[in-house]
Each structure stands twice: as C-alpha cells, then as structure tokens.
Amino acid sequence: QMSYSRYRSRSRSVDSSDVENPGNNLFVTGLSSRLTDRDLEKHFSTEGEVIDASIVLDPWTRESRGFGFVTMATLKEAERCIKYLDRSVLEGRVITVEKVLPKDC
C-alpha cells in the first residue's frame with residue numbers, strides 16, 4: 001500500500017509540471033513599450049509556430065510592463081527561440097528569452 005501512495009504522488013507532480021508547462025512557454029523581457037502582441041508573435045514566428053503571444057499590461061494604465069509570454073507549438077521550437085532570439089533586437093531593444101519555470105520548482 002505504501003508503494004501505491006508513493007506512485008500516486010509522483011504521478012501527480014509529473015502531471016502538474018507537464019500539463020501546465022510542457023517546456024514550450026517562454027518568458028520574454030526587455031520589450032519596448034510600443035510593442036504589440038502581434039509584433040511579438042511575428043518576431044517569434046521566425047523560429048516556429050506561435051500558439052499564443054501576450055504582452056503583460058499594467059492593469060491601471062494599460063501600458064506595457066516590458067515583458068510578456070510566448071507559447072510555441074513544440075518544445076523544439078521553443079528551444080530554437082531561446083537559442084536564436086535571446087539577446088535579439090526587437091524594436092531597437094535587446095530582448096531576453098527564457099523558459100517559464102514550473103511553478104513547483
């Protein structure tokens with residue numbers, strides 16, 4: 001019975017990180033305040049299929065907070081973005097691209 005519960009808890013933690021973050025979610029910082037979600041999507045689509053691109057806005061001013069998230073179709077494409085788009089220039093600003101860390105690590 002002990003081994004069963006250990007198995008269950010392990011599978012649960014695998015689920016939470018795999019489902020919420022299969023590794024294709026990217027955190028992008030250093031964005032110009034003029035940038036739109038569409039600009040971000042276009043920049044990242046050079047390395048693969050973009051599922052979602054969103055810039056985080058200040059809830060009060062509705063202005064860009066200078067960072068955002070991009071979800072790529074596959075892990076391989078996300079890794080290409082990190083390799084080729086990290087430290088790339090977008091709208092005159094050098095951007096940083098990194099993997100979103102799982103919440104539980």
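How many residues apart in helix H2 are Arg-38 and Glu-41, and about how many helical turns separate them? Select both: they sit three residues apart in H2, about one helical turn. (A salt bridge here is a side-chain nitrogen of Lys or Arg within 4 Å of a carboxyl oxygen of Asp or Glu.) Glu-41 is partly exposed, at 32% relative accessible area. (Buried means under 20%, exposed over 50%, partly exposed in between, with a 1.4 Å probe and protein chains only.)

A note on the model. It is predicted: local features need pLDDT of at least 70, side-chain atom pairs count only at pLDDT 80 or more, and totals for chains, interfaces and linings use all residues. Numbering starts from 1 along each chain as its sequence is written, and side-chain values use heavy atoms, without hydrogens and water.

Next, select Arg-80 and Glu-47. This salt bridge spans 2.7 Å, N to O. Arg-80 lies in helix H3 (75-85) and Glu-47 in the loop between H2 and strand S2 (50-57), so the pair ties together parts 33 residues apart in sequence. Glu-47 is buried at 14%; Arg-80 is partly exposed at 38%.

Move to Arg-34 and Glu-91. Their closest N and O atoms are 3.0 Å apart in a salt bridge. Arg-34 is in the S1-H2 loop and Glu-91 in the S4-S5 loop, so parts 57 residues apart in sequence are tied together. Arg-34 is exposed at 59%, while Glu-91 is partly exposed at 39%.

Finally, zoom out. The protein has three helices and six strands, as DSSP runs (helices H or I, at least four residues; strands E, at least two) numbered from the N terminus.
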